[in-house]
Every structure is written in C-alpha cells, then in structure tokens.
Amino acid sequence: YFIKDAQDTVDHIIHTIQRITDATVASILIVDDSESARLALADILSLQNYRIHQAGCGEEALAALRAHDDIQLVVTDFHMPDMDGQELTRRIRAAYPPEQVRIIGISASSDPFLSAALIKAGASDFVYRPYIAEEVKCRISSNIETLSHMRRLRFLAERDFLTGMYNRRAFFEKAQSQLARLRKQGGSASLAILDIDHFKKVNDGYGHDVGDQVIQMVAKAVQAVLARHKCLSARLGGEEFVLLLADMTSDEAVAVCEEVRRTIEEAVVPHNAVKLRVTASIGIALIQPDEALDNNLNAADQMLYMAKEQGRNRICT
Ligand code: GH3
Ligand code: MG
Ligand code: MG
Ligand code: MG
C-alpha cells in the first residue's frame, strides 16, 4: 500500500543495518609477503565462518580494501618489502576509520617495540610469531565482535527509533559539515522543514499507534524521494522532518519538495476499513553559509509557518 519506492528504501536500510550489525560472515584480509604464512593463517581460520582475502604486499592490500568494501579486519605482517606493516596500517587508517576496518599486526621479529609501534599507527592488536592458533582465533573474533558493537552503538546513537531515519543530533552533525563545505567550496543548497498537517486530529481520532504509523509513512515518503536525489533527511522530532537539499538551485529544491509533498498526499495508511490520508506543509530557505545552522533552520521554519498560514498542504519559499 505504501509507495513502492519508499518501501524499497526502507527495506534497503533494514537490510543494510542487518548486514553491518549481524553480519554472519565477516571478511578478513591476510597480508603477508610469505605465501606459506598467509596459507597457514587461512588454514587456522578455515573452520571459522569467515571470508578470507589475501594480499602479498601493501599495495595489493590497499587495492583489495578498495575492491571489497565488506572487509572488516586486516591481519598484516610487519616485515614486507616496499611497504611495511606500520606504513600499511597508517595508510589504511588515513582512508578507513577504526569502526570500519580493524587491524591486527603480526610478526616474527624479536623487537619488543613493534607491537607498540603498530598500535600507535592505528592497529588494535598485535601477535608475535610463533603464535598459538587458538589465541589468534580469539583475537580475531574479539576484534570482529568489537566492530559490530561499535556499529550497533553508532546506529543507536544516530538513528530515530520509530522511523530509522537520522535523528536530530546526527542531522546537526552532518548538516554542520555540509555548511562548512559550502563555506569552503561555495555552491548552493537549501534547507526545508516539513510538518504534517493537523496531525493532532490523527492522534485524537485514531489513537497514538495510528499516529505513529502515519509518521512512519511520511518518513518513508521523505526518504524515498530524498534518496533518489542523494540528499540528507532526518526526523527533527514529533511529526517534523528536515531536508538538506545540497548541490541544487532553489528551484530544484522546490521541485524535490513538491515531489515529497505530492508523494505524501497520494499515500494511504490503511486502518480497519478506512484509508487514512494526510498532507504536509514545507518551508524552504536557501542556506546562508555564513549564518549559523540554527539561523538557517529558523529561516526555513518561518517559511513553514507561512505555508500553514496560507492553508497547509503547500510549500513556501
Ligand atoms: P498543524 O497543521 O498546525 O501542524 O497542526 P498539528 O495538529 O499537526 O499541530 P502540531 O504540529 O503542533 O502537532 C504535533 C502533534 O504531534 C502533537 C503531539 O502530540 C504529536 N506527536 C509528537 N510526537 C509524536 C509521536 O512520536 N507519535 C505520535 N503519534 N504523535 C506525536
Ligand atoms: Mg614478512
Ligand atoms: Mg509540529
Ligand atoms: Mg503538524
């Protein structure tokens, strides 16, 4: 009953969350200039449920990371020609945060300072050779576990529970960095605030649960349209949403908001025998990069107020 695209978007989000939080098969990259060392480690891990990639040098490792965005853990040798494990660790850290890729160093060196050097460069763990297979297995699985905890915490911290959209805090963080980008690189972007019309009537007439379903429907509609235009959206709170229409003129921003408004108007929330429909009002303001985010939001809010004043189910800019 929901708009097909909207359902797809939400399914995609749910699928992605499941993929990153409960991934059953983690991908591990083993980096060592010695093939027999790589195979020995792969052999130890063969009974675990991992997908194993191998690289014979640092450059190959970086290429493998670029080619497979699901690699969660790199186990790297220290001594390798061209690029050693410490340099590789630095290069990985420059491109991927620790919540995306974990790194474990491994070496047969007798230098007791290697472990600290690698950990300072961004590795999370280190094992000296000869290692005990069981210990390596444990360190790998505990690193993978830590990673999924980190991802889960991040998800809980930045998402709204009812809709799965970014919450207010995440939106502010992301919008601040977009604002900084606009200041540095120029370009044009707009902010829009959307508020469901006469939402209290839905709550009063059908109950809070149905009200929640209406909020979810509107969230899906907003996400579906904005995902198509690769723009950021969030639930600001209650039945209010915010849209950041980046890299477009104000006319284009209005067109995207019109698409959102129409999608909501046409959507239906089935409730017993009734097909519930709602509308929404949207206020849009061209972002002034030199103004604080709050001021920009206030400008959009004033336009929203005008849209309500002028009769709702419309856009004011
Ligand atoms: P207007 O057209 O002027 O926006 O009228 P309105 O009735 O929508 O007024 P307003 O925006 O002030 O109403 C917000 C209502 O949303 C009040 C609050 O009870 C309800 N609300 C806020 N958060 C939630 C929620 O998470 N679930 C439900 N069901 N209702 C919520
Ligand atoms: Mg070596
Ligand atoms: Mg409101
Ligand atoms: Mg409202």
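In the predicted model, five strands are arranged as an open sheet of mixed pairing, in the order β7-β8-β6-β11-β12. The edges of this sheet are formed by β7 (232–237) and β12 (315–316), each of which pairs on one side only. Helix α10, spanning residues 250–266, packs on the sheet and touches β6 (190–196), β8, β11 (280–286) and β12. The direction of α10 makes an angle of about 170 degrees with that of β11.

The pairing around β8 can be described residue by residue. Strands β7 and β8 (residues 240–245) run antiparallel and are joined by five bridges. Within this pair, A234 has V242 as its bridge partner, and S233 stands opposite L243. Five of the six residues of β8 are buried, and the strand is mostly covered.

The interior of the model was examined next. In soluble globular proteins, nonpolar side chains tend to be buried together. The largest nonpolar core of the model comprises 52 residues. The residues with the most contacts inside this core are A192, V218, V222, L243, I282 and A300. Helix α9 (residues 208–228) makes the greatest contribution to the core, supplying ten residues. When residues up to four places away in sequence are not counted, A300 touches L191, A192, I193, G283, I284 and A285.

Strand β1 (residues 26–31) is largely enclosed by the rest of the structure, because five of its six residues are buried. Six bridges connect β1 to β2 (residues 50–55), and the two strands run parallel. Across this pairing, L29 of the one strand faces H53 of β2.

The unreviewed UniProt entry places the feature "modified residue: 4-aspartylphosphate" at D77. This residue lies in strand β3, which covers residues 71–77. D77 counts as buried because it has 25 C-beta neighbours inside 10 Å, where 20 or more are required. Apart from neighbours within four places in sequence, D77 is in contact with V31, D32, D33, A37, G85, I106 and S107.

Several backbone features occur in loops. The peptide bond from R129 to P130 is cis, with omega near -5 degrees. P130 belongs to the loop that lies between β5 (125–128) and α6 (133–158). K230, although not a glycine, has a positive phi of about 50 degrees. This residue is located in the loop between α9 and β7. K230 counts as exposed, because 8 C-beta neighbours fall inside 10 Å. A positive phi is also found at R312, a residue other than glycine, with a value near 70 degrees. R312 sits in the loop between α11 (293–309) and β12. With 14 C-beta neighbours inside 10 Å, R312 counts as partly exposed.

The protein chain has an average pLDDT of 93, and 92% of the residues score at least 70. The model as a whole scores ipTM 0.96 and pTM 0.80.

How values were computed: Residues numbered from 1 in each chain as written. Chains lettered and ligands numbered in written order. Predicted model: local features only at pLDDT ≥ 70, side-chain atom pairs only at ≥ 80, totals over all residues. Pairing = 2+ DSSP bridges. Helix = DSSP H or I, 4+ residues; strand = E, 2+ residues; numbered from the N terminus. Contact = placed C-beta atoms within 7 Å. Axes fitted to C-alpha atoms, helices over the stretch in contact; angles between N-to-C directions. UniProt positions renumbered as here; feature names shortened; annotations may be inferred. Buried ≥ 20, exposed ≤ 12 C-beta atoms within 10 Å, placed from the backbone. Core = buried A, V, L, I, M, F, W, Y, C linked by C-beta atoms within 7 Å. pLDDT = per-residue confidence, 0-100.
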